[in-house]
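Please have the sequence and the structure at hand.

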Amino acid sequence: MMNTMTTTTTVAIAVPLEAELVERIRAVDPSVTVLYEPDLLPPERFPADHTGDPDFKRTPEQEERYWDMLNKADVLYGFPNESPAGLARIAGSNPRLQWIHAMAAGAGGAVKASGLEQETLQKFKVTTSAGVHALPLAEFAALGILNGFKRSAELAVDQAARTWPELRTPTRLVNGSTLVVTGLGEIGLETARIARALGMKVSGTKRNVEPIEGIDEVAGNDCLAALLASADAVVNTLPGTPYTEKLFNREVFGAMKPGTVFVNVGRGTVVDEDALLEALDNGQVGYACLDVFAVEPLPQDSPLWNHPKVMVSPHTSALSAAENRLIAERFSSNLRTFLDGGELPHLVDTVHFY
């Protein structure tokens with residue numbers, strides 16, 4: 001069934017985007033009008049810089065034009081100014097708004113931070129770019145696993161000290177080892193695919209427990225500790241929600257085998273960082289590769305910065321030079337679905353905000 005609310009659908013580009021990708025969106029259907037004024041958008045500092053240069057300032061006239069453009073739209077590509085405040089403002093000023101596509105894979109936090117009431121949030125849909133980042137995140141997770149198994153942190157210390165150890169220490173084989181993935185969604189399944197290609201056996205958790213081809217065992221998060229008893233490596237891909245907060249606590253880390261490699265590409269709030277530090281110090285966790293943290297940027301006084309068994313990544317593992325193209329392709333596919341009256345994928349849950 002076609003979307004018949006308007007004879008044409010107006011899309012406004014609210015965040016920086018290359019002109020050729022805007023043309024891809026225009027090409028989805030003749031009924032689509034795309035509003036795109038690049039002079040109103042901050043220049044990108046690097047590929048897929050959705051926020052753009054923070055020094056960019058619109059003149060009062062440009063600011064008026066920007067919001068006038070957004071208020072004419074049925075659909076927005078990106079949150080206004082890529083911020084919760086922008087989302088809150090457009091929700092109050094544009095009564096025709098039906099759908100906003102967020103650049104982030106986990107946009108629930110930004111929707112929650114907008115402070116919008118449920119009544120307002122029910123007036124339009126918010127979709128995320130979940131899945132677009134699955135491959136770079138899975139590749140980073142594989143890097144973390146390999147770093148842990150191949151002692152890269154220790155090698156770097158020896159190299160910096162120009163030390164050639166008298167005794168050669170063997171590394172661990174990834175092939176034949178066991179991986180547990182918390183969160184078998186698109187990121188988790190892509191991680192599992194790469195892990196299986198390396199010869200790993202994979203189990204994991206999922207909110208709706210059901211068999212998954214290629215996954216040895218699927219359980220709920222309440223059974224996580226039991227799964228971890230046989231794990232050599234653990235990759236967290238879970239979003240930050242009240243139900244996942246500090247899921248990795250002292251008890252869960254204690255259920256791991258000594259020397260387990262831990263990788264977090266989900267959200268930092270899923271991990272009790274004090275418990276992780278204890279597990280690193282007592283050897284329960286042999287190595288931790290962390291792209292996300294409970295507080296970001298990671299505070300200067302955090303012990304994680306200098307821990308010899310920790311790799312700190314500044315929440316950049318999802319970034320790739322192809323990101324803008326991949327998001328634009330995802331949006332174009334969603335737009336086709338929207339025009340045809342279909343069910344949009346990757347909707348933000350406005351109750352649990354993920």
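In helix H11 (residues 273–281), the buried residues are Glu273, Ala275, Leu276, Leu277, Ala279 and Leu280; buried means under 20% relative accessible area, with a 1.4 Å probe and protein chains only. Helices are DSSP runs of H or I with at least four residues, strands are runs of E with at least two, and both are numbered from the N terminus. The model is predicted, so local features need pLDDT of at least 70 and side-chain atom pairs pLDDT 80 or more, while totals for chains, interfaces and linings use all residues. Residues are numbered from 1 along each chain as its sequence is written, and side-chain values use heavy atoms, without hydrogens and water.

The table lists the elements that the buried residues of H11 pack against.

| Element | Residues |
|---|---|
| Helix H10 | 250–254 |
| Strand S10 | 260–264 |
| Strand S11 | 285–290 |
| Strand S12 | 310–312 |

An open sheet is formed by five strands in the order S2-S1-S3-S4-S5, with parallel pairing; two strands pair if DSSP finds at least two bridges between them. Strand S2 (32–35) and strand S5 (125–127) are at the edges with a single partner strand each, so one side of each has no neighbour in the sheet. Strand S4 (residues 99–101) pairs with S5 over three bridges, and histidine 101 has threonine 127 in S5 as its bridge partner.

Note on methods:
Buried < 20%, exposed > 50% of the residue type's maximum accessible area, 1.4 Å probe, protein only. Contact = heavy atoms within 4.5 Å.
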